[in-house]
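Subject: Structure for your files

Hello,

Here is the structure you were expecting. My notes follow below it.

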Amino acid sequence: MSQDPRAIQLTANFKLSEFLHGDDPVPAPWILENLYRLANRLQVIRDLLGKPIIINSGYRSKGHNLAVGGASHSQHLNGMAADIVVSGMPAKAVQEFLKHWSGGMGCYQHYTHLDIRPTQARWS
């Protein structure tokens, strides 16, 4: 019996399934590579904070992105973004902790968008 590919452990605390929506299929290999890089960056944050990170939205197919009103060039489409909540921390505290994040950070009232684009970007 083979293992469900969605159950792949990307890091010590993150499984691939946490970055996928519902029963979406496993994405293309190049997207998986981006998700692996993203998960490793999030693992560093989790280790520093010592608190679980909940992923509200990770990789999005084009259809899913359209359904949720995502930007047409969203980093979620490439597996390079996650909308997160840190257990036991208000979003504002998470955003302050991550003020030097090197990629994109969207600051919202109840969650934080993080992406691994090569340049720093901020919005709310």
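Leaving aside its neighbours within four places in sequence, which residues is Ile55 in contact with? Ile55 is in contact with Phe14, Glu18, Phe19, Leu42, Ala82, Asp83 and Ile84, where contact means heavy atoms within 4.5 Å.

Two points on how to read the rest. This is a predicted model, in which local features need pLDDT of at least 70 and side-chain atom pairs count only at pLDDT 80 or more, while totals for chains, interfaces and linings use all residues. Residues are numbered from 1 along each chain as its sequence is written, and side-chain values use heavy atoms, with hydrogens and water left out.

Ile55 lies in strand β1; helices (H or I, at least four residues) and strands (E, at least two) are DSSP runs, numbered from the N terminus. Ile55 is buried, at 12% relative accessibility. Here buried means under 20% relative accessible area, exposed over 50%, and partly exposed in between (1.4 Å probe, protein chains only). Ile55 and Phe19 are 36 residues apart along the chain, and their C-alpha atoms are separated by 6.8 Å. In soluble globular proteins, nonpolar side chains tend to be buried together.

Salt bridges

The structure holds 3 salt bridges, each being a side-chain nitrogen of Lys or Arg within 4 Å of a carboxyl oxygen of Asp or Glu.

- Arg60 pairs with Asp83, with the closest N and O atoms 3.3 Å apart. This pair links distant parts of the chain, 23 residues apart: Arg60 is in the loop between β1 (53–57) and α2 (62–67), and Asp83 is in strand β2 (residues 81–86). Arg60 is buried at 9% relative accessible area, and Asp83 is buried at 8%.
- Glu96 and Lys99 meet at 2.9 Å, N to O. Glu96 is partly exposed at 47%, and Lys99 is partly exposed at 44%.
- Asp115 and Arg117 meet at 2.8 Å, N to O. Asp115 is buried at 0%, whereas Arg117 is partly exposed at 22%.

Thr112

Thr112 lies in strand β4 (residues 112–115) and is buried, with a relative accessible area of 1%. Leaving aside neighbours within four places in sequence, Thr112 is in contact with Ala82, Asp83, Ile84, Ala91, Val94, Gln95, Met105 and Gly106. Thr112 and Leu77 are 35 residues apart in sequence and 17 Å apart in space, C-alpha to C-alpha.

The largest pocket

About 180 Å³ of space lies in the largest pocket. On a 1 Å grid over the protein atoms alone, a pocket is an open set of points where a 1.4 Å probe fits, with protein on both sides within 12 Å along at least five of seven lines; lining residues have an atom within 4 Å of a point. Grid points are joined across faces, edges and corners, and the volume is the space filled by probe spheres set on the points. The pocket is lined by 14 residues, and Ala71, Ser74, His76, His113 and Trp123 lie nearest its centre. The lining divides into 4 nonpolar, 6 polar and 4 charged residues.

Regards

Conventions. Ala, Val, Leu, Ile, Met, Phe, Trp, Tyr, Cys and Pro count as nonpolar, Asp, Glu, Lys and Arg as charged, and the others, Gly among them, as polar.
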